Amino acid sequence: SLTALSKTSDLKAGKVNDNVKTLQQYLKALGYFKGSANGYFGSSTTSAIKAYQKHAKLTANGQMDKKTLAKIEVQLAQKISDNDNAYNTALKLAEK
């Protein structure tokens, strides 16, 4: 299940918290974050956000704003549903 990140105030360079760790896990799942998700918002997190923003055609500033976060969550939810066989099976059954 997807843990929603609502507060972008926790997601700033230099911060250390569980929301940063969740963000790192999101970025890792999407292929942008290479390190270990440790909850520290350092240069590798900033670089991963910039890479994602560039790919998503957002302002690539490495800062987590609501627009970037919303796009990440939508893309992640899509990836989860694409890879979730039980979900796909349930959808097919619901269509019958």
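## Exercises on helix packing in a predicted model

Helices H1 (residues 18–29) and H2 pack with their axes 11 Å apart and at an angle of about 50°. This is a predicted model, in which local features need pLDDT of at least 70 and side-chain atom pairs count only at pLDDT 80 or more, while totals for chains, interfaces and linings use all residues. Residues are numbered from 1 along each chain as its sequence is written, and side-chain values use heavy atoms, with hydrogens and water left out.

**Exercise 1.** Classify the packing of H1 against H2 and list the residues that make the contact.

Step 1. Axes are lines fitted to C-alpha atoms, for helices over the stretch in contact, and angles run from 0 to 180 degrees between N-to-C directions. Under 35 degrees counts as roughly parallel, over 145 as roughly antiparallel, 65 to 115 as roughly perpendicular and the rest as oblique. H1 is therefore oblique to H2.

Step 2. The crossing of H1 past H2 is left-handed (the near helix is turned anticlockwise from the far one by less than a right angle; clockwise would be right-handed).

Step 3. With contact meaning heavy atoms within 4.5 Å, H1 contributes Leu23, Gln24 and Leu27, and H2 contributes Thr45, Ala48, Ile49 and Tyr52.

Step 4. Ala, Val, Leu, Ile, Met, Phe, Trp, Tyr, Cys and Pro count as nonpolar, Asp, Glu, Lys and Arg as charged, and the others, Gly among them, as polar. The contact of H1 with H2 then has five nonpolar, two polar and no charged residues.

**Exercise 2.** Find the aromatic pair of the structure and state which parts it ties together.

Step 1. Rings of Phe, Tyr and Trp (its six-membered ring) pair if their centres lie within 6.5 Å; planes under 30 degrees apart are stacked, over 60 edge-to-face and the rest tilted. Tyr32 and Tyr52 are 5.3 Å apart centre to centre with 90° between the planes, an edge-to-face pair.

Step 2. Tyr32 is in the loop between H1 and H2 and Tyr52 in H2, so the pair ties together parts 20 residues apart in sequence.

**Exercise 3.** Which helix has the lowest confidence?

Step 1. The chain has four helices and zero strands (DSSP runs numbered from the N terminus: helices are H or I, at least four residues; strands are E, at least two).

Step 2. By pLDDT, the predictor's confidence in each residue from 0 to 100, helix H4 (residues 85–95) is lowest at a mean of 72, and H2 (residues 43–55) is highest at 97. The chain averages 89.
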